[in-house]
Amino acid sequence: MNQRTVRVFPTLQEVSRAAAAHFEKLARAKPGKKEAFSCALSGGLTPRLLYQILGSDAFADRIRWENAHLFQVDERCVPADHPDSNYGMIRETLLSRVSIPDSHVHRMRVEMEDRDEACRQYAKELSRALRPKEGELPRLDMVFLGMGPDGHTASLFPESEALEERTLWVRPNYIAKLQTYRLTLTFPVLNAAADVVFLVAGADKARTLRQVLEGPLGRFPAQRVQPTSGRLSWFVDEAAAHLLSSALRG
Ligand code: 6PG
């Protein structure tokens, strides 16, 4: 398995600051115009503070947003102004505060009746922006992921169909326990990324985090994120990390 890094921080604030610094480092590593920086953002609560930091005045001139492409990792099938909308949260915390060209913000069009068509269109956006070679997967420079207490990540929930998807880059996924559909990037795309960072915080995730990081493979979707030729990091707070072995905590 590729090299995996686990970094434990006292609080979510420090997790978020470290994640913002990591984003900045990767974004600045991309040379000029031709080489745009691409990052896929998760929804949920954990990354809010990270996005607020990236959208803050302190970061205003540290990121060349005109050279960045932002994608979604997944989306709930609700309108953008619905409180559950991942895009709505990303727009409120980040997009509304930075000067990134509209054409560089790639929103999953969950309002489309035909969810499969919405995913096909999204895959085309990935292809246009990342220009993979024929038959190759699009390689995102960076992906921020979260993890639920059940070990799901993106909208790849335990026992859901999309876990087994090997071909489609983006697809609808029915989440039985939530009785709803979501659109999600699939493992092939997540594992093609150059740098994947999990942000995990809160005591309610401590048991699952220990099993995901130190238990046998296979039980949790988050364990199946193993970048083929990329870096995998876990930025976690003390509350989520308190059951981890000292060896792992570095
Ligand atoms: C979503 C996310 C999802 C999230 C986890 C953790 O759409 O909800 O993409 O995978 O990362 O559910 O969510 P919290 O950060 O809210 O705990």
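## Helix 3 and its surroundings

The buried residues of helix 3 pack against strand 2 (37–41), helix 2 (48–54), strand 3 (68–72), strand 4 (74–76) and strand 5 (105–106). Contact here means heavy atoms within 4.5 Å. Helices (H or I, at least four residues) and strands (E, at least two) are DSSP runs, numbered from the N terminus. This is a predicted model: local features need pLDDT of at least 70, side-chain atom pairs count only at pLDDT 80 or more, and totals for chains, interfaces and linings use all residues. Residues are numbered from 1 along each chain as its sequence is written, and side-chain values use heavy atoms, with hydrogens and water left out.

Why is helix 3 largely enclosed by the rest of the structure? Because 6 of its 8 residues (86–93) are buried. Buried means under 20% relative accessible area, exposed over 50%, and partly exposed in between (1.4 Å probe, protein chains only). The buried residues are Asn86, Tyr87, Gly88, Met89, Ile90 and Thr93. Ser85 caps the N-terminal end of helix 3. One of its side-chain oxygens lies 3.3 Å from the backbone nitrogen of Tyr87.

## The ligand site

The ligand is surrounded by 15 residues, each with a heavy atom within 4 Å of it. The closest are Thr46, Arg76, His152, Ala154 and Lys205. By class, this shell holds 3 nonpolar, 8 polar and 4 charged residues. Ala, Val, Leu, Ile, Met, Phe, Trp, Tyr, Cys and Pro count as nonpolar, Asp, Glu, Lys and Arg as charged, and the others, Gly among them, as polar.

Arg76 places a polar side-chain atom 2.7 Å from a ligand oxygen atom. His152 also has a polar side-chain atom 2.7 Å from an oxygen atom of the ligand. Ala154 uses its backbone: an N or O atom lies 2.6 Å from a ligand oxygen atom. Taken alone, the ligand exposes 410 Å², and the protein buries 89% of that (Shrake-Rupley method, 1.4 Å probe).

## His22 in helix 1

His22 lies in helix 1 (residues 12–29). Is His22 buried or exposed? It counts as buried, at 12% relative accessibility. A polar contact of 3.0 Å joins the side chains of His22 and Asp195. Such a contact is a pair of N or O atoms within 3.5 Å; within protein, one must be able to donate a hydrogen and the other to accept it, and residues adjacent in sequence count only if both atoms are side-chain atoms.
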